[in-house]
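This report concerns strand pairing, aromatic contacts, the disulfide and salt bridges. Please keep the sequence and the model in view while reading.

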Amino acid sequence: MKKIMYILLFVTTCGFAQDWKTNFEEAKTLAQTENKKIVLVFSGSDWCVPCMKLEHEIWNTKTFQAYSKDHYVLLKADFPRRKKNALSREQQEKNNALAETYNKNGYFPLVAVLDKYGNILGETGYKKTTPQDYINQLNSF
């Protein structure tokens, strides 16, 4: 019975898995091709409590996952601190370059909504709200 539960959990999780990009140029190309906005998230995945809450309360919900699949290109710039979670030097340099352009003040989490060319439409962060209200805010930019 436990095996069946784990299999069902795995299948339902995979059905709503998100495709977070880590390459800005790839995200822009995809956004232009599919005429979508880019949701760029600056996260400290292993140290930033609001980042973890945003991940759990918004990004990992079925509501956000289902909506984002058809409306956004998701781009994540992660800045982990623990050695075991360290990024490759190349990826860290890419994330640093994104931060120099889009997160000069070093806020975490920072969610920047960009047009398909990479221009900032609006910014937000963690808010204790519903996934639908968060989507509405992203769409208001």
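Which residue in E2 is the bridge partner of Val-39? The bridge partner of Val-39 in E2 is Leu-74. The model is predicted: local features need pLDDT of at least 70 and side-chain atom pairs count only at pLDDT 80 or more, while totals for chains, interfaces and linings use all residues. Residues are numbered from 1 along each chain as its sequence is written, and side-chain values use heavy atoms, with hydrogens and water left out.

**Strands**

Strand E1 (residues 37-43) runs parallel to E2, and seven bridges join the two. Helices (H or I, at least four residues) and strands (E, at least two) are DSSP runs, numbered from the N terminus, and two strands pair if DSSP finds at least two bridges between them. Lys-37 stands opposite Tyr-72 in E2. E1 also pairs with strand E3 (residues 110-114), here in the antiparallel sense and over five bridges. In that pairing, Ile-38 stands opposite Leu-114 of E3.

Burial is judged by relative accessible area: buried means under 20%, exposed over 50%, and partly exposed in between (1.4 Å probe, protein chains only). Six of the seven residues of E1 are buried, so E1 is largely enclosed by the rest of the structure. Strand E2 (residues 72-78) is mostly covered, with seven of its seven residues buried. On one side of E2 the buried residues are Tyr-72, Leu-74, Lys-76 and Asp-78; on the other they are Val-73, Leu-75 and Ala-77.

**Aromatic contacts**

The structure holds nine aromatic pairs. Rings of Phe, Tyr and Trp (its six-membered ring) pair if their centres lie within 6.5 Å; planes under 30 degrees apart count as stacked, over 60 as edge-to-face and the rest as tilted. The pair of Trp-20 and Trp-59 is edge-to-face, because the ring centres are 5.6 Å apart and the planes stand at 70°. Trp-20 lies in the loop between helix H1 (2-15) and helix H2 (24-34), and Trp-59 in helix H3 (residues 49-59), so the pair ties together parts that are 39 residues apart in sequence. Trp-20 and Trp-59 are both buried.

A charge sits over a ring if NZ of Lys or CZ of Arg is within 6 Å of the ring centre and within 35 degrees of the ring normal. Lys-76 lies over the face of Trp-20, at 4.4 Å from the ring centre. Arg-81 lies over the face of Trp-47, at 3.6 Å from the ring centre.

**Disulfide**

One disulfide (a pair of cysteine sulfur atoms within 2.5 Å) is present in the structure. The disulfide joins Cys-48 to Cys-51, with an S to S distance of 2.4 Å. The link of Cys-48 and Cys-51 is right-handed, with 75° about the S-S bond. Cys-48 and Cys-51 are buried.

**Salt bridges**

Side chains of opposite charge can pair when their charged atoms come close. A salt bridge is a side-chain nitrogen of Lys or Arg within 4 Å of a carboxyl oxygen of Asp or Glu. A search of the whole structure finds eight salt bridges, and the table gives examples.

| Lys-21 | Asp-19 | 2.6 Å |

Lys-76 lies in strand E2 and Glu-55 in helix H3, so the pair ties together parts that are 21 residues apart in sequence. Lys-76 counts as buried, at 16% relative accessibility, whereas Glu-55 is partly exposed, with a relative accessible area of 22%.

Is Lys-21 buried or exposed? Lys-21 counts as buried because its relative accessibility is 11%. Asp-19 and Lys-21 are linked with Glu-26 in a network of salt bridges.

Glu-93 and Arg-89 are four residues apart in helix H5 (residues 89-102), so they are separated by about one helical turn. Arg-89 counts as exposed, at 68% relative accessibility.
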